[in-house]
Amino acid sequence: PLYGSLAEQLGSLEGAMRLREALFSEEGVGVREWGAYWFCPFSVNQHVSICGAFARCSEPERDAVRGDVYSLCDCPAAKHLEGDLCEVNKFSEMM
């Protein structure tokens with residue numbers, strides 16, 4: 001729902017060109033400073049698959065330089081690691 005209007009605009013050449021013009025306009029989002037801008041309204045939320053725990057059957061992950069164990073995120077986002085609501089287990093089906 002949040003990106004519905006963007007999906008509609010990307011559905012036509014004219015709409016995509018309007019989005020491009022908006023990005024590169026004076027009011028656009030930092031394109032000039034960054035040199036490039038990546039936007040994918042259809043991306044998956046990988047954060048909720050990795051934010052609350054380390055990989056199964058592995059040691060806690062550590063910072064390669066300092067050796068500190070990474071702290072885990074305590075965000076309230078619902079975690080869906082399997083099943084229909086999981087967003088990161090459908091690569092084969094998408095390809």
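pLDDT is the predictor's confidence in each residue, on a scale from 0 to 100. The model described here is predicted. Its chain has a mean pLDDT of 76. A value of 70 or more is reached by 75% of the residues. The lowest mean, 54, belongs to helix 3. The highest, 84, belongs to helix 2, which covers residues 13-24.

The secondary structure comes next. The chain holds five helices and zero strands. Read from the N terminus, the order of elements is α-α-α-α-α. Helix 3 spans residues 31-34. Helix 4 covers 47-50, and helix 5 covers 91-94. A loop runs between helix 4 and helix 5.

Surface and burial were then computed. The chain has 95 residues, and 9% of them count as buried. Its accessible surface is about 8300 Å². Carbon and sulfur atoms account for 57% of that surface. Contacts were also sorted by separation in sequence. Among those between residues at least 6 apart, 37% join residues at least 24 apart.

Gly-15 is one of the residues in helix 2. Its relative accessibility is 0%. Gly-15 therefore counts as buried, since the limit is under 20%. The C-alpha atom of Gly-15 lies 10.0 Å from that of Ser-5. These two residues are 10 places apart along the chain.

Val-44 sits in the loop between helix 3 and helix 4. Its relative accessible area is 38%, so Val-44 is partly exposed. Beyond residues up to four places away in sequence, Val-44 touches Glu-87 and Val-88. Val-44 and Glu-87 are 43 residues apart along the chain.

The loop between helix 4 and helix 5 contains Arg-62. This arginine has a relative accessible area of 53%. Arg-62 is exposed because the value is over 50%. Leaving out residues up to four places away in sequence, Arg-62 touches Gly-67, Asp-68, Val-69 and Tyr-70. A polar atom of the Arg-62 side chain lies 2.7 Å from the backbone oxygen of Gly-67.

Arg-66 is exposed, at 67% relative accessible area. Asp-68 is partly exposed, at 36%.

The cysteines were examined last. What is a disulfide? It is a covalent bond between the sulfur atoms of two cysteines. The count of disulfides comes to zero. Cys-51 is in no disulfide. The nearest cysteine sulfur to Cys-51 is that of Cys-75, 3.6 Å away. That pair is not counted because the sulfur atoms must lie within 2.5 Å. Cys-51 is buried, with a relative accessibility of 4%. Cys-86 is buried too, with a relative accessible area of 2%.

Methods: Residues are numbered from 1 along each chain as its sequence is written. This is a predicted model: local features need pLDDT of at least 70, side-chain atom pairs count only at pLDDT 80 or more; totals for chains, interfaces and linings use all residues. Side-chain values use heavy atoms; hydrogens and water are left out. Buried means under 20% relative accessible area, exposed over 50%, partly exposed in between (1.4 Å probe, protein chains only). Helices (H or I, at least four residues) and strands (E, at least two) are DSSP runs, numbered from the N terminus. Contact means heavy atoms within 4.5 Å. Accessible areas come from the Shrake-Rupley method with a 1.4 Å probe; for residues, only the protein chains shown count as cover. A polar contact is a pair of N or O atoms within 3.5 Å; within protein, one must be able to donate a hydrogen and the other to accept it, and residues adjacent in sequence count only if both atoms are side-chain atoms.
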